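Please keep the sequence and the structure in view while reading.

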Amino acid sequence: MVLATAGLLERRKVKMTMRKMVMAMLFVSVIAPIVFYIDRFAAFQVPSSRNDFLEDISAFTLPGDTRHLNVLPLESSIALKEPIGIVYTDDSTTSSLTDITSDVDLKDLQLTEERDHKSVRILYTTDEKDQSQAHNAIRQVTAAVDQKESKTDGAKDAKQEDKNKLRSSSQNEVEQLPTPTLNKINGEDNAQSKTDKRTNQMASSGTLVRKLKDQLISAKVYLSLPVVKSNPQFTRELRLRLKEVQHVLGDSTNDSDLPKNAFEKLKAMDQTLAKVKQLEADCSVMVKKLRAMLHSAEEQLQAHKKQTLFLTQLTAKTLPKGLHCLPLRLSTEYYALNSSEKEFANQEKLEDPQLYHYALFSDNVLAAAVVVNSTATHAKDASKHVFHIVTDRLNYAAMRMWFLRNPPGKATIDVQNIEELKWLNASYSPVLKQLSSPSMIDYYFRAHHGNSDPNLKYRNPKYLSILNHLRFYLPEIFPKLDKVLFLDDDIVVQKDLTDLWSLDLKGNVNGAVETCGESFHRFDRYLNFSNPLISKNFDPRACGWAYGMNIFDLTEWKRQNITDVYHRWQNLNHDRTLWKLGTLPPGLITFWNRTYPLDRYWHVLGLGYNPNVNQRDIEQAAVIHYNGNLKPWLEIGIPKYRNYWAKHVDYDHVYLRECNINP
């Protein structure tokens with residue numbers, strides 16, 4: 001019994017001894033590393049110990065991979081100072097677009113294959129055999145701080161080695177930490193706000209739309225390469241990304257117009273492009289394809305320019321439905337009037353040379369109304385202003401009816417029919433004879449012939465109208481007047497023009513604003529200086545001048561016999577070899593050395609073709625001119641200039657409402 005008791009006690013002592021040994025081993029191998037790691041983890045949260053953490057980050061390894069984390073090399077061989085580190089997961093091969101924190105300057109987001117790593121260091125964990133299966137343990141590291149260089153003694157080196165071993169053994173525990181804890185380590189507790197901030201900064205930088213467009217071009221290039229076409233997987237993926245980017249981009253011109261998911265689609269496309277780039281390493285193939293695309297784009301651009309020019313010219317020649325309805329409506333009303341109701345008041349003023357007379361030749365009722373209304377509105381004494389309007393037979397009744405129902409205040413109106421000018425016939429006027437010739441009609445209406453002029457503007461049928469050439473017959477139309485102010489029907493008057501009649505033209509016939517500020521307004525732009533008749537008589541670099549608002553001294557006109565000068569040059573140009581058709585070229589010739597230059601603020605041009613006319617010049621101008629095809633009464637008119645014209649139109653007028661003419 002005693003022996004049995006002694007044996008039992010001995011076995012208990014052995015068990016206790018073994019238990020103590022096991023506990024000691026557990027403490028050394030498990031508990032002590034955990035305690036030490038917790039101590040180190042707490043140190044991570046202290047700002048002063050961030051350098052230690054960053055110094056040792058390259059010692060982390062993933063399960064089954066004993067390699068150190070790779071660090072992209074800098075341009076210098078000097079050891080890296082502590083940079084911004086980004087550890088991330090890339091589902092594809094190396095991509096030029098990474099999930100960059102808001103601390104990184106967004107100017108680096110150019111999404112090119114190579115990047116400057118002076119300010120950013122990318123830490124990544126991949127397996128060379130299967131990169132797509134690699135997953136990172138840390139997503140982001142806090143902003144860059146300078147790494148302190150210090151000398152360590154042997155004891156510190158040994159301690160550092162022990163620490164590295166402990167971290168290596170506890171790596172699995174680090175990976176199993178809760179997501180919030182890892183986010184806290186990486187500084188991602190405000191990830192959503194950083195993402196929003198990054199997107200807003202990129203949008204404000206104005207680069208996102210440009211990058212999306214560049215991606216579309218790159219994707220189309222790759223889709224056309226044989227090496228990509230032979231890979232159905234990449235082709236499908238690339239086409240999918242292409243549709244996504246096209247849908248996101250739409251018609252956006254600014255980053256603010258893009259949807260919220262634009263940045264995500266940009267990253268997805270960039271990753272796909274990065275994978276496709278590995279399939280095609282031959283740069284010469286890409287260069288050839290891009291050259292072919294550039295050549296094709298240039299050809300398409302030229303074709304579109306020609307089509308745009310043709311459609312613009314066609315629109316300029318076409319009468320809108322409302323402006324076609326208006327004269328029909330007015331003509332019907334006019335012919336229903338009694339003969340006594342068809343007369344204008346103050347007809348005794350029509351030949352008074354002491355008054356201010358205007359000449360307006362137009363077949364556009366609404367345009368003529370704006371010219372008269374704007375002029376009379378700004379006149380200091382409208383009762384002294386007389387408007388002489390000459391129109392064609394088709395619009396004569398409508399023009400008279402409009403001003404009978406809408407007289408311009410105290411100003412005097414006279415409307416004439418060009419058919420009543422019996423002296424104006426083909427035997428007297430060379431241009432009238434030319435305009436009625438079969439060759440001229442063929443030139444205008446059979447423009448598809450190979451020998452026809454390629455410039456469409458010279459084939460505008462308005463040149464077939466003698467109304468366009470009446471400006472050369474002012475003394476014949478107004479034989480008892482001394483001075484006449486000629487106005488085009490596409491102008492708007494903004495100031496009183498009375499001072500023009502008292503202006504001394506110094507013996508010249510024509511007072512006009514010169515247009516030599518631009519090279520295409522010189523004489524050589526309008527006249528054929530290869531012809532000796534032109535080159536011997538005129539200077540190719542002489543300043544042109546503008547029709548549209550011209551003060552003509554009819555006394556000097558008759559004294560210098562200007563009409564005969566015009567007829568002589570028109571006869572010489574019967575085959576259109578001296579100039580193309582129009583009124584400005586023969587005007588430049590006829591009034592050569594007979595034109596007095598007016599101050600440029602009397603007449604500002606370009607509102608019918610130039611969207612960049614100086615706003616201050618427009619506001620200060622006495623007359624603004626919508627010369628060009630973009631007339632303010634057409635839908636193609638430049639919107640920002642239309643109000644200057646539209647404010648002189650009463651869109652509530654019954655005739656305009658019935659014809660659906662709206663601002």
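Two strands are said to pair if DSSP finds at least two bridges between them. The model discussed here is predicted.

- Strand S7, residues 483-487, and strand S10, residues 549-553, are joined by 5 bridges and pair in the antiparallel sense.
- Both belong to an open sheet of 7 strands with mixed pairing, whose order is S6-S5-S4-S7-S10-S9-S11.
- Strand S6 (412-417) and strand S11 (595-597) each have a single partner strand, so one side of each lacks a neighbour in the sheet.
- On average, neighbouring strands of this sheet are turned by 25° against each other, direction ignored.
- Helix H14 (residues 396-405) lies across strand S5 (385-391) and S6, and runs at about 170° to S6.

**The sheet of 3 strands**
- An open sheet with mixed pairing is formed by 3 strands in the order S8-S13-S12.
- Its edge strands, S8 (491-493) and S12 (603-604), each pair on one side only.
- S12 pairs with strand S13 (residues 623-625) in the parallel sense over 2 bridges.
- Histidine 603 has valine 623 in S13 as its bridge partner.

**Helix H10**
- Helix H10 (residues 262-277) has 16 residues, which at 1.5 Å a residue should span 22 Å; the end C-alpha atoms are 22 Å apart, so the two values agree.
- The buried residues of H10 include Phe263, Leu266, Met269, Asp270 and Leu273.
- An α-helix has 3.6 residues a turn, so residues three or four places apart point the same way.

Key. Residues are numbered from 1 along each chain as its sequence is written. This is a predicted model: local features need pLDDT of at least 70, side-chain atom pairs count only at pLDDT 80 or more; totals for chains, interfaces and linings use all residues. Side-chain values use heavy atoms; hydrogens and water are left out. Helices (H or I, at least four residues) and strands (E, at least two) are DSSP runs, numbered from the N terminus. Axes are lines fitted to C-alpha atoms, for helices over the stretch in contact, and angles run from 0 to 180 degrees between N-to-C directions. Contact means heavy atoms within 4.5 Å. The expected span of a helix is 1.5 Å times one less than its number of residues. Buried means under 20% relative accessible area, exposed over 50%, partly exposed in between (1.4 Å probe, protein chains only).
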